[in-house]
Amino acid sequence: MGGDDTTYDHIVVGGGLCGCVVAARTKHSFPDRTVALIEIGSDARKSRTLGGGSAVNYGAWTRGDRSGYDEWATTVGDERWSYNGRLPYFKRAETYPLLQDKNNHGYEGPIHLSSGGRGYPLRDHVRDAMLAVRLPFNPDHNCGNSHGVSPLVESWHDGDRSFAAKTYGLNGVKLFTDSQVATVMVRQKKVTGIRLVNNRTLHARIETIVSCGAIRTPQLLTLSGIGRSDELARLEIPVQVESEEMGWNLHDHPSLSFWSPPRTPEAGLAVGSDNFMANSKNLDGKPMDWFSNASASQLEMGNAAKVDGRPSLREDDIEISCIADPFDQPVVDPNYLGTEHDRAVLRASVRLALKIMESPAGKRVVNSELPPSQFSPLNSKSSDDVLDERIRAGA
Ligand SMILES: Cc1cc2nc3c(=O)[nH]c(=O)nc-3n(C[C@H](O)[C@H](O)[C@H](O)COP(=O)(O)OP(=O)(O)OC[C@H]3O[C@@H](n4cnc5c(N)ncnc54)[C@H](O)[C@@H]3O)c2cc1C
């Protein structure tokens, strides 16, 4: 079906990582339909551009653990969200030259993956130190089992990032860049199209997909009257559809960095040394060779649940609230460390990192931790209070 310039079969709002994939795949699957992709930005130095986060992210290629997807499937009662349900799509996305394993990997997808090969001088020392604390070696963390120490896999290919707007061909997709969507238009609880901030409207015959990222999506929906009744009342926005979870339940991954000076700086093992810089490949992609996932112990999680009074996060989770103006930034209260669960998980990971440094293989290359000026060096026996203080200062 053809389209005039205000009506499209599919409208995708937000030309970021997901929006590019959805628009490209939709056009590819239904060549006769019209697809519009609307992106606020065109500045490639920020993630506000076609491609979104894929223009600035690290490109670590990390498929989640099977258990997480299976939990989704159980929660929504739909097997398509299970690991096995997702597997055909994981495979379709990738060209995985690292292992021959057709059960788990794809070899014809648009995203070409690579893994290290950088030959960092500390590569073997770091792996040995992680194995020394009984993290299992896992040759492939992208096969549904993400536990253990694995070579980091990246969506970088020949020194280039996989930029979604390029990797997924947008041929035939009508692109609107420098175009900010102010609201989706709702009639009788159905989204009928979008309104840009300059008041121009576009109509959707089949569907409107909002993929403005984890923070801007709830903002846009709230400004459109789809959201929590209390928030909409506060903003004086007429309610179109009540959705009491809007702006809640964002999960984030705060990170902490620890620095340990090398025992023998003259050996040239560190970033910046001639030894490191000699291999130009060392400067490609993310400067990291290993990827490691570990679980906190049941005892630690059980104790945290006793303090929190429940086993997992819910109402104390991250909150995003909005200001009734599409040009304003939404207010994000990340509520990091707001529960004992949060604190226990971070303490367990910090202790594990310190144990890795304290292992015989770790001690061969680094001295104890080099703390920020007002703190003493941490070790794996540091008390919960001391760890909490450092985590609060750095998370
Ligand atoms: C520094 C950094 C490092 C990361 N590293 C990794 C990594 O190593 N591995 C990994 O898997 N993930 C990583 N991520 C996360 C990954 O980039 C995101 O999960 C991914 O980009 C999310 O895709 P998305 O399409 O949902 O959102 P985005 O890619 O953010 O796209 C949203 C798009 O919507 C546009 N938009 C917003 N509001 C509007 C509006 N009102 N109208 C029109 N357009 C709008 C934005 O400009 C943006 O282009 C990283 C993220 C960051 C920031």
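The dialogue below goes through several features of a predicted model.

Visitor: What kind of model is this, and how are residues numbered?

Guide: This is a predicted model, in which local features need pLDDT of at least 70, side-chain atom pairs count only at pLDDT 80 or more, and totals for chains, interfaces and linings use all residues. Residues are numbered from 1 along each chain as its sequence is written.

Visitor: Which residues come nearest to the ligand?

Guide: A residue is near a molecule if its C-beta atom, placed from the backbone, lies within 6 Å of it. Here 30 residues are around the ligand, and Gly-14, Gly-16, Gly-52, Gly-53 and Asn-57 come nearest. Helices (H or I, at least four residues) and strands (E, at least two) are DSSP runs, numbered from the N terminus.

Visitor: How do the shell residues divide by type?

Guide: Ala, Val, Leu, Ile, Met, Phe, Trp, Tyr, Cys and Pro count as nonpolar, Asp, Glu, Lys and Arg as charged, and the others, Gly among them, as polar. The shell around the ligand has eleven nonpolar, 16 polar and three charged residues.

Visitor: Which residues of α6 are buried, and what covers them?

Guide: A residue is buried if 20 or more other C-beta atoms lie within 10 Å of its own, exposed if 12 or fewer, and partly exposed in between, with C-beta atoms placed from the backbone. In α6 the buried residues are Arg-216, Pro-218, Gln-219, Leu-220, Leu-221, Thr-222 and Leu-223. Their cover includes β9 (181-187), β11 (201-210), β12 (226-227), α7 (229-235) and β15 (319-321). After α6 comes Gly-225, with a positive phi near 90°.

Visitor: What does UniProt list for residues 213-227?

Guide: UniProt positions are in the numbering used here, feature names are shortened, and annotations may be inferred rather than shown by experiment. An unreviewed UniProt entry lists residues 213-227 as "domain: Glucose-methanol-choline oxidoreductase N-terminal". In the model this stretch is 73% helix and 13% strand, with its end C-alpha atoms 16 Å apart.

Visitor: At what angle do α2 and α3 pack?

Guide: Axes are lines fitted to C-alpha atoms, for helices over the stretch in contact, and angles run from 0 to 180 degrees between N-to-C directions. For α2 (residues 66-76) and α3 (residues 83-93) the angle is about 115° and the axes are 8 Å apart. The contact residues divide into three nonpolar, one polar and three charged.

Visitor: Which residues meet there?

Guide: Two residues are in contact if their C-beta atoms, placed from the backbone, lie within 7 Å. From α2 these are Arg-66, Tyr-69, Asp-70 and Ala-73, and from α3 they are Tyr-83, Gly-85 and Arg-86.

Visitor: Where do Asp-178 and Lys-189 lie, and are they buried or exposed?

Guide: Asp-178 is in the loop between β8 (174-176) and β9, and Lys-189 is in the loop between β9 and β10 (190-196). Asp-178 is exposed because 11 other C-beta atoms lie within 10 Å; Lys-189 is exposed because it has 9. Phi is positive in Asp-178, near 50°, and in Lys-189, about 65°; neither is a glycine.

Visitor: Why does Thr-339 count as buried?

Guide: Thr-339 counts as buried because it has 21 C-beta neighbours inside 10 Å. Thr-339 is found in the loop between β16 (331-333) and α10 (340-358).
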